[in-house]
Amino acid sequence: MGQPLLSPISLFISKPCTSLSIFIICILGFYTLHYPHASPSPSNPQTALRFRRSFLSSATNATVAAYLRALTQHPHLAGTKPSLDTIHYVQSHFSGLGLQTHTAHYNALLSYPLHSSLSAHFINGSHVDIPLAEPGLSHDGGVVQPYHAYSPSGSAHAKVVFVNHGRGEDYRALEALGVNVSGCVVIARRGGDLPRGEAIRNAEKNGALAVLLYTEGDRRFNQGFERGVVMNGVGDPLTPGWGGVDGAERLDLEDPEVLKRFPNIPSMPLSAEAAGTILATLGGAPAPPEWRAGVERVGPGPTVVNFTYQGEKKMVTIQNVFAVIKGLEEPDRYVLLGNHRDAWTYGAVDPNSGTAALLDIARRYALLIDSGWNPRRTIILCSWDAEEFGMVGSTEWVEQNLVNLGSKAVAYLNVDCAAQGPGFFVGATPQLDNLILEVTKKVKDPDLEGSTVYENWLTKNSIIDIQRLSGVDSDFASFVQHAGVPSIDIYYGRDFPVYHTAFDSYDWMIKFGDPLFHRHVAVAGIWGLIALRLADDSILPFNYFSYVDQLKHYKDVLSHLLDASILLDPLTTAIEEFAYAAKEAEDEAQKLREEESTSEFVMLKKRALNDRLMLAERGFLDSDGLEGRQWFKHLQML
């Protein structure tokens, strides 16, 4: 493993050198030439407070609802013709507000179904053809048939075995019962913290011929099929590590590096209703009671399924859409807000509840601009494409712009599903914890009148739980894991029952998810207000004490996993040095916040401190990447 690109400690501490005076004079000259007549800054506390209050007061749930209705009129799977309408809608919205708008397109390998069929054959000689679509829908309406993106084509005629979640421990439990899945079609239920693709690979390792995956949940929606991706990794598989722009070098589809990202046995999603029909007819060994799956026996058979799936992988053009609000004082420092636009079907929750919130933030920022506001730093609103295929749009853009982001990106703020149901959840890199707490104290809670988001969050959870961005399940992945950009992910609700099904519609949202759109408004308020703080505060509101606590926690966990003879003294020392550097940075920040002078020299000192605060996250990157997973470079967030 290579050495980190930058030491996070050295990024905090500026060391003197003999040429420091000359360096400062040069920078002052550059700064004066480029910013000779700065306008009144939004960093002024009273001015900033007025704009933030104005931002919060301009929220209207009816406006957000109208955006969501327009976005979900038809399905808009990435790379299909209907998705172009959604691209144009977002682009027209941004430009109609007078925001600088542009697109970035990439050529990527995506995956689509051609034909599938499934029938179950029972011991009494009867059989049933399993419907592979939600009832009342036709493919002519634009809803893609249920499938797993990047699944290979294939067929199987074999006995069925139930494998619970399809984890390694589940296969070991079956082995203990004398059940062999080799040569069988396995049925697994989603869950157990196991990614979809891993469930397929585990089945492959154990000799299964094919996999059927179903999702348990609300019985009202048990005819839904959870579509999804089964490819390993993120981004276009033909351009790993570089942007898939026109003329870019591409790996061959048969390249071993490409092939290893795809499973070797076919799979399909199955509705819970259809799964129940098959599982109820299994014989063989009794299901382990600890599975608590509602399944009496696991097979093999005697029920046999006849399974066929045919798909295609093809190159398509995807498009990211951006709106840029140029910073007045530091235009070369970027605060990015992102949400993906593409959906498996109608996408009312995933992702267009987030898209609607992003469009409303754009509207409210345009109102602020009309009232005289300009951000100190540049704000970029990002609408990503092809996230459902493995964060393709955001990953390609990050890979293409990696050098720029490495030196200029302040933070990336992500919202995928703004409103899935009740309960506020947020994940972040640790230096943003305090900012999240401060902002949630300013936003009204959508579910408890007279309360703030922070107060209800604390009441329901007893403690404030800010998760870490260790997953790769949304567009923050490339910013954190590949570029080392401080990031946040915000959402209301968890595990909604129509996930990736054709029931994820505007109708479901107004009946179940967020009927009055108050949660949409709350997410937009938190999201947009965090961005205002990061864009306008003269000193970036980063606090690395939370990072120190997180590192100590990781060290304690590691010490319990390792043999007592292995000493962690070097790691303990490094964390202590990091803590000292964090305090030095916080003390300097406090002094500069109290500094009333607006001289170029003071502004330069603030700029230098901000850069150290911003770049510290990059210090946790390993230039060579993790062993066996070179694209992933962050040493703390996995």
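Trainee: Is the crossing of α13 and α17 left-handed or right-handed?

Mentor: A crossing counts as left-handed if the near helix is turned anticlockwise from the far one by less than a right angle, and as right-handed if clockwise; the crossing of α13 and α17 is right-handed. Please keep in mind that this is a predicted model, in which local features need pLDDT of at least 70, side-chain atom pairs count only at pLDDT 80 or more, and totals for chains, interfaces and linings use all residues. Residues are numbered from 1 along each chain as its sequence is written, and side-chain values use heavy atoms, with hydrogens and water left out.

Trainee: Which residues in α13 and α17 meet?

Mentor: Contact means heavy atoms within 4.5 Å, and by that rule L435, I436, E438, V439 and T440 in α13 meet I526, L529, I530, R533 and L534 in α17. The residues of this contact divide into seven nonpolar, one polar and two charged, where Ala, Val, Leu, Ile, Met, Phe, Trp, Tyr, Cys and Pro count as nonpolar, Asp, Glu, Lys and Arg as charged, and the others, Gly among them, as polar.

Trainee: How many residues of strand β6 are buried?

Mentor: Buried means under 20% relative accessible area, exposed over 50%, and partly exposed in between, with a 1.4 Å probe and protein chains only. In β6 (residues 210–214), five of its five residues are buried; A210, L212 and Y214 point one way, while V211 and L213 point the other way.

Trainee: Which residues of helix α11 are buried?

Mentor: They are V392, G393, S394, T395, E396, W397, V398 and E399. Eight of the nine residues of α11 are buried, so this helix is largely enclosed by the rest of the structure.

Note on methods. Helix = DSSP H or I, 4+ residues; strand = E, 2+ residues; numbered from the N terminus.
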